[in-house]
Amino acid sequence: MSDRELRLLSLDGGGVRGLSALMILEQLMEAVNRDAPPKPCEYFDMIAGTSTGGLIAIMLGRLRMSVAESIDAYLSLSDRVFRKKRSRFTLKGNIQGRFDSEELARAVKKVIKEQGLQENVLLKDESDNACKVFVCATSKHANNTVCLTSYKSPRGNNDLVDSVKIWEACRATSAASSFFDPIEIGRFKEKFIDGATGANNPVREVWDQAQLVWGPEPLEGRVKCLVSIGTGVPSLKPFKDNILQIGKTLVAIATETEETAERFRRERLLLDSTGRYYRFNVLRGLEDIGLEESKKVEEIASSTRRYIASQDVYKHMQACAGNIAGRAYIGEYRTVFSLEGVPRVSKFVDRPAEMAELKRVLLPSPKQNHRQKIYVLHGLGGIGKTQLAVEFARQYHRQFSSVFWLDGRSENSLRQSIASCATRIPKGQVPETSREYAADGSVDIDTVVRAVMDWLARPDNTAWLLIVDNVDREYNPRGGDPDAYDVKRYLPGADHGSLIVTTRLARLEQLGDSQHLGKVNKDQARAIFESWYKRPYDMAEGKSLLDMLDGLPLAIAQAGAYLQESGVSLETYLRFYKHQWSELMESRGVADAPLQDYPDRCVWTTWAISYRAIHAKNKETANLLLLWSFLDNKDLWHGLFAEACLDPVVAKMLSKWIGDIASNELEFSRAMQLLRNYSLIEEVEELASYATHPVVHRWAYHYQGKCSESKLGQLAVITVGWAMPDRSTQDYSIVQRRLLPHAHACSIWVVKSQVGRGFNSDKGYAAFSTQTKAS
């Protein structure tokens, strides 16, 4: 038995007013995906209907037509079938349908053939994963509702499944007492009239059939969405030429649909209270439109549009569409969405082709299996991998039970990220000691990581998304880079869930589906540029600049920010660009330049220009960027320097490089704002701190920081050491955890240049030594 969640669609009868149901359904499918509305059969596991709803159900489910195709076919069929009226009595005095039953059969056969099928094809559908379809008809002799199905089921009418043709099912469900003659079908020539006399709203039949097919376990826990669509509340008056008994029957049908809907809602309160049962029906405007009045299409459309446009219906429809598409995870494993500590741009320019690939692979689909999906975004630094992943998480996090962002720069940072996820896991699902890891530094990190990985591996916890960002160090089993690691060791072992891995390493595409993220196109490049540069500019000069930056998003954003902040003309900027590039090539040399995997190294030149502008405005801020290159690139906050300034000697050393920025929080804030203006850093709002892109961080060291490595490295070590709080302080474990990445970064320079020599008696260096051991 499949374990997927079920989506069910029930369609009322209603003659020509079936157009209203189709319009409502069309709006739902557009809400699911406005750019490319899906076919209902691609999302619903079962579609059923009565009378006109039965015709629609067969078109949508068995013939796999789109809603737009079904509307066209339905309008043509209605106009054709309800055009000719017959006498209510034959020459012999027998009652007959008001409309030609053979014309209805011919119209249905035409629709079938237009879908590439033979006109006598069976309703039965044995295709894999086919949407299950049934229509309701009434046995004339037994006076009970019979479900004519496209599938076999326990206690089903399987002899009819093997014999009933599509057109016969359409005739049987549409054989309304006053409209069309009954039809004999099956090997026993059973006579059927339409199902409206017993199930004009077939929602209960849908539930019962779904229970038969996907039981025996109760359906409540498996139904993701049940949608019931009416055809308007009709008039209670009988037709003029109806005999009394038929008139009474139609009056009963008129009131039955909403009574059934309300009765079903009360019976399935859990479904309704958890946002999984949706009923749509135009309450006003269709009362005076008879079932056969095909000329009143305009009135039907107008009333339905007015209903859809109402605020309450719009909200109800958006919620329903979200459930149809799986956009709103409902379950015990749901966690609060957060991008805490993740640098992100506020001016993301859409990359629809790349986003479509992410959606295709990762978004939950109602008929997919639960195998693990891994998607690798790889490409050069600054191309937008991280920001694309951030935007995907922002837009679609509701479709997942949890979204966890993991820092993949090193094995240590990855483990810290995994452990920090424990705090967000619902209470009772992991040991409480693991959930308190963030507040209790004494908890063994291995234990916490294991608890989180076990939680992700739970058999019924299948809808999570992990994003492992910046896995940029190439792992070699024989050793080499001490911070490199085998990322496969940290992929949950269970065969479910979704992962995004961002990396510069093309080799990691072997982990799963992948996409090489290339440069943006010209329109996107211009949109990125104009999102930062708000002034009018010469289009030819703008084209020259964007051609030189060659679709590199980070470079384009920084160029736009520089122009906006400095106020220089594009012509002047282009001259700077060429001059800086030549100077950089002469001073560094192609062979020795770092970041050689950057084509043409446009980013280098853009950052050099921005650095020079910052240096001209505020030398101390430029120096802060260089000092930062000896610390970790994430989570820089003023308190890191404020503690160090408590020692007069250290305060004097910091003042020499960065002025009052270390001792004065206002000056620190101004320095951060200047760096942000040139896009060199991002604010991490949740932590009240700042981060710089790892490539910018690396560039700052090679560009200028390396020239003063001994002094800046020593200053970074002492700063981190003095920032270490006393063990007795209340937030000791939290601050220690924030300092660990900085201590690790400093340890590189300690080993490389022995900056700690001669400072072993210094409190700051001693504290740093302790911190490094903890790291």
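Let's begin inside this predicted model, at its largest cavity, whose lining has 10 nonpolar residues, with no polar and no charged ones.

**Stop 1: the largest cavity**

Select Leu-55, Ile-58, Met-59, Leu-63, Leu-77, Val-108, Val-111, Ile-112, Ile-166 and Cys-170, and you will have the lining of the largest cavity on screen. Now colour helix H2 (52–62), helix H4 (101–114) and helix H6 (166–174): these are the elements that give two or more residues to that lining. How many cavities of 30 Å³ or more does the structure hold? There are four. If you wonder how such spaces are found, rolling a probe the size of a water molecule over the atoms shows where empty space is left.

**Stop 2: Arg-409**

Next, move to the loop between strand E10 (403–407) and helix H15 (411–420), and select Arg-409 there. Is Arg-409 buried or exposed? Its relative accessible area is 17%, and buried means under 20%, so Arg-409 counts as buried.

**Stop 3: the partners of Arg-409**

Keep Arg-409 selected and show the side chains of Asp-632 and Asn-633. A polar contact of 3.2 Å joins the side chain of Arg-409 to that of Asp-632, and another, of 2.3 Å, links the side chains of Arg-409 and Asn-633.

Setting aside neighbours within four places in sequence, Arg-409 touches Asp-469, Asn-470, Arg-473, Asp-483 and Tyr-485, along with Asp-632, Asn-633 and Lys-634.

How values were computed. Residues numbered from 1 in each chain as written. Predicted model: local features only at pLDDT ≥ 70, side-chain atom pairs only at ≥ 80, totals over all residues. Heavy atoms only, no water. 1 Å grid on protein atoms, 1.4 Å probe; cavity = no way out; pocket = protein on both sides within 12 Å on 5 of 7 lines; lining within 4 Å. Points joined across faces, edges and corners; volume = space filled by probe spheres on them. Helix = DSSP H or I, 4+ residues; strand = E, 2+ residues; numbered from the N terminus. Nonpolar A, V, L, I, M, F, W, Y, C, P; charged D, E, K, R; others polar. Buried < 20%, exposed > 50% of the residue type's maximum accessible area, 1.4 Å probe, protein only. Polar contact = N/O pair within 3.5 Å; in protein donor to acceptor, adjacent residues only side chain to side chain. Contact = heavy atoms within 4.5 Å.
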